[in-house]
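The following note sets out points for a colleague who is examining this model.

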Amino acid sequence: MIDGGAPRALVLGLNPALQRTLVLATALHVGSVHRANSVDERFGGKGQGVAAAIACLEPERPPTVVQLLGRDPSRAGERVEEFLREERIDMITGWFDGATRTCITIVSAPNLTTEMIEPSVDVPDEVVDDLLARTADALSTHAALVIAGTAPPGAEDFYSRLLAILVAREAAPSSSPHAAFSTPLVVLDGYKGIHPLLTTGRIDVLKINRAELLELAGAGSASGPAGAETPPAGEQGADAAADEAARRLLCPLGDVAELGGLGQTRRAHASAAGGTRPVDGSDGGVLAVTDGHRPAALYTMAADGKLRKWQLSVPRVNAVNAIGAGDVCTGVFSHKLACAGFGGSASPADAGAAGLCDAFAWGLAAASARCTYLRPDEVTVALTFRLRTHVSIHEVEVALK
């Protein structure tokens, strides 16, 4: 069972990296020799960035990151673990014989970033199975489950297997040892190959960027559905394509077989509890879409089947390094949702759409604050609080054909 205090998050960051950031005084020219002014070494990986953002806000109740690390003479895996321990992040680690990938970020004038990532190596089945069992044991002590990024070769079905365990426990009869199992909020930050995860109906929140959403709408190979139409050209056409993709993601399974299912289990739980569904759809799935420095969007499906959309402004900052900003947004957004009662034994409808938008606004403010620093995982709480006041929220009409 989940104890008192601030809710803890279990973050799946299966594909970590040792991150090196090189800063150049000049522009980057392909084919030339460059000498870096400075080099910084930290942990990398989407899940690790998500966990670091949460730990920054909740140092007394840090998240737990689930990861796969390799052991080889370079000691890259050991260094990743050491860096995470410095941030007081709890870890559930599966160790295997092999290399932990390295990610190199080059920051060059005028504040441009280039990232180069090594390929991940295959992870043995026995390591994956052991890590899955230990992760499943940890589900009952965390109020939020955050799935961040892709899995390395050999662990591709880790997420779907864990969700199947979660669904089975939540459906356990009263005589089962899992009858008192607390229902966590489940957040997914990813878009490649997400169809099997959506069909479980157990993803409550999907957080992606606009380019990824448009790829889901127009390139079937990214998510599973084949033959989807190419998004119309132009900004208005792209907006319409994004809105249509949002509708398809939030529709119940069976209505739109290609994408639907986001938040379906949450809606079912809310219906079983009785009462009237909130008109804003906050008891179902949530789609949060970022777009760099441009306004972000948050979507829900209303009780009458109407798509609802809120637009959130993004604070303007002097960006130094934007890599990792999306991970920071996901971490803070997920933490604020869990704090507002979206998950656990509380009804997610308690906070309503206002609570959803406020949580997303905090994530956007933290992401903007992160862009002002060099390190991909660095967040300043004071600047985040100040930038939150610059995030405006308003609902916009969605006109679907």
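1. Helices and strands are here DSSP runs, numbered from the N terminus, with at least four residues of H or I for a helix and at least two of E for a strand. On that basis the protein has 11 helices and 14 strands. The model is predicted. Of its 401 residues, 55% count as buried. Among contacts with a separation of 6 or more, 70% are between residues 24 or more positions apart.

2. Which order do the strands of the open sheet follow? The sheet consists of 10 strands in the order 5-4-1-8-9-10-11-12-13-14, and its pairing is mixed.

3. Strand 12 runs antiparallel to strand 11 (residues 286–291), to which four bridges join it. Within this pairing, Ala-288 has Leu-298 of strand 12 as its bridge partner. Strand 12 also pairs with strand 13 (residues 307–312), again in the antiparallel sense, over six bridges. Here Thr-300 stands opposite Arg-308 of strand 13.

4. Both hairpins that involve strand 12 contain a glycine with positive phi. Between strand 11 and strand 12 there are two residues, and Gly-292 in that hairpin has a phi near 65°. The hairpin of strand 12 and strand 13 has five residues between the strands, and there Gly-305 takes a phi near 85°.

5. The packing of helix 1 (residues 46–57) against helix 9 (residues 325–339) may be considered next. Two packed helices are described by the angle between their axes and the distance between the axes. The axes of helix 1 and helix 9 come within 7 Å and cross at roughly 50°. That angle makes helix 1 oblique to helix 9, and the crossing is right-handed. On the helix 1 side, the residues in contact are Lys-46, Gly-49, Val-50, Ala-53, Ile-54 and Leu-57. They meet Asp-327, Val-328, Thr-330, Gly-331, Val-332 and His-335 of helix 9.

6. In soluble globular proteins, nonpolar side chains tend to be buried together. The largest nonpolar core of this model has 52 residues, and those with the most contacts inside it are Leu-14, Leu-145, Phe-158, Ile-203, Leu-287 and Tyr-299. Helix 7 (residues 235–250) supplies the largest share of this core, seven residues. Apart from this core lies another, of 50 residues, which includes Ala-9, Val-11, Ala-55 and Val-314.

7. What does Leu-145 touch, residues up to four places away in sequence not being counted? Its contacts are Leu-10, Leu-12, Leu-139, Leu-162, Leu-163, Leu-166, Pro-184, Leu-185, Val-186 and Val-187.

8. Most residues other than glycine have a negative phi, and most peptide bonds are trans. The peptide bond that joins Ala-109 and Pro-110 is cis, with omega about -5°. Pro-110 lies in the loop between strand 6 (102–108) and strand 7 (112–117).

9. Arg-75 has a positive phi, near 60°, although the residue is not a glycine. Its place is in the loop between strand 4 (64–71) and helix 2 (76–86). Is Arg-75 buried, exposed or partly exposed? Its relative accessibility is 39%, and Arg-75 therefore counts as partly exposed.

10. Arg-88, also not a glycine, has a positive phi of about 60°. The residue is located in the loop between helix 2 and strand 5 (90–97). With a relative accessible area of 48%, Arg-88 is partly exposed, since the exposed class begins over 50%.

Notes:
Residues numbered from 1 in each chain as written. Predicted model: local features only at pLDDT ≥ 70, side-chain atom pairs only at ≥ 80, totals over all residues. Heavy atoms only, no water. Core = buried A, V, L, I, M, F, W, Y, C linked by side-chain atoms within 4.5 Å. Buried < 20%, exposed > 50% of the residue type's maximum accessible area, 1.4 Å probe, protein only. Contact = heavy atoms within 4.5 Å. Pairing = 2+ DSSP bridges. Axes fitted to C-alpha atoms, helices over the stretch in contact; angles between N-to-C directions. Parallel < 35°, antiparallel > 145°, perpendicular 65-115°, else oblique. Left-handed = near helix turned anticlockwise from the far one by under 90°.
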